[in-house]
Amino acid sequence: MPFKNSEVNMQVDNRVTGKTRLIGVIGNPIAHSISPQLHNTICSHLNLDLVYVPFRVERNDLEQAIKGFKALNFIGFNITIPYKKDVMKYIDENTKEALLMGAVNTVKNIDGRLYGYNTDAEGFSRSFKEGSGISFREREIALLGAGGTARAIAVKLALEGARKINILNRTISKAEEITEIVNNNVKPVAYAHLLESVTAREAFARSSVIINTTPAGMHPDIDSCPVGNDFEFSPEQIVYDVIYNPVKTRFLHRAEEKGCKTVNGLGMLFYQGIYAFEIWTGIRLDDETLKESYKSFLTIMA
């Protein structure tokens, strides 16, 4: 039976027209992504005729999906888990930073040629500086974990002038891989430590900045912590956790109890998206727009 509602006064939906340009994100899974809300809110606020759409892509279809974005003349797109590394071989040119970090999460289409960037590390840097009020220059830093996020952040720390980067991990070989990348390609400031070792605890205690890149403490495993009680915080340290759910992990709780200044990963998530938007559009958002965008972003996360 045909649907009929005599009370409806139908309005023409002009949000998408033949002139609308497209941006997207691919991953698997993708239903949890908040990037569409973030980018579409900003585009709407700035009256830009752009629409951001999520796409779930199977691993075997990744190359065809990338070719499809190019064929459909997308302005650009994001890549999320699990394809940040795999996508690099299908991109025409990856930035030096992305190559060192071993991952691409943002692609820009310029005249049919795809350029790959990593905005995760820039998002981390911007959120850390905003939350802590300091830079990394000439600081000794302890970095917990040796996965993809740790690699990207370690490279960024070295590029931004860190004096010493201590990479603490349960598997020493993975930490050593990152130290070699940093030391051979940026500058010799990275050192690998087995997490259970005395040298790891000493490096942790010496460092003025401590950064957790592991998933320990992330929802639903909220009782986990990346380090044991034998790792001592001191009040002058600044402690950062890339996790944003929960907003305050057990790791950050422990740090706060010792008087440390703490910052969570919400800002990193927000600013990596903002940096991607700036790459695609060439628009640098002013402070007021950033502030309003972040307020909207927090309502999405609620």
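Me: What counts as a helix or a strand here?
Reply: Both are DSSP runs: helices (H or I) need at least four residues, strands (E) at least two, and numbering starts from the N terminus. This is a predicted model. The chain holds 10 helices and 12 strands.

Me: Where is the place of Thr 249?
Reply: Look in the loop between β11 (238-241) and α8 (250-257).

Me: Is Thr 249 buried or exposed?
Reply: Buried means under 20% relative accessible area. Thr 249 has 0% relative accessibility, so Thr 249 counts as buried.

Me: Which residues does Thr 249 touch, not counting those up to four places away in sequence?
Reply: Leaving out those sequence neighbours, Thr 249 touches Gly 217, Asp 241 and Ile 243.

Me: How do I read a sheet?
Reply: Strands of a sheet pair through backbone hydrogen bonds, parallel or antiparallel. Now trace the order β9-β8-β7-β10-β11-β12: this is an open sheet of 6 strands with parallel pairing. β9 (190-194) and β12 (261-263) each have a single partner strand, so one side of each lacks a neighbour in the sheet. On average, neighbouring strands of this sheet are turned by 20° against each other, ignoring direction.

Me: How many bridges join β7 to β8?
Reply: There are 5 bridges between β7 (residues 140-144) and β8 (residues 164-169), and the two strands run parallel. Ala 142 stands opposite Asn 166 in β8.

Me: Which strands does helix α6 lie across?
Reply: Helix α6 (residues 172-185) lies across β8 and β9, and runs at about 175° to β9.

Me: What share of the chain's residues count as buried?
Reply: Of its 302 residues, 49% count as buried.

Terms used:
Residues are numbered from 1 along each chain as its sequence is written. This is a predicted model: local features need pLDDT of at least 70, side-chain atom pairs count only at pLDDT 80 or more; totals for chains, interfaces and linings use all residues. Side-chain values use heavy atoms; hydrogens and water are left out. Two strands pair if DSSP finds at least two bridges between them. Axes are lines fitted to C-alpha atoms, for helices over the stretch in contact, and angles run from 0 to 180 degrees between N-to-C directions. Contact means heavy atoms within 4.5 Å. Buried means under 20% relative accessible area, exposed over 50%, partly exposed in between (1.4 Å probe, protein chains only).
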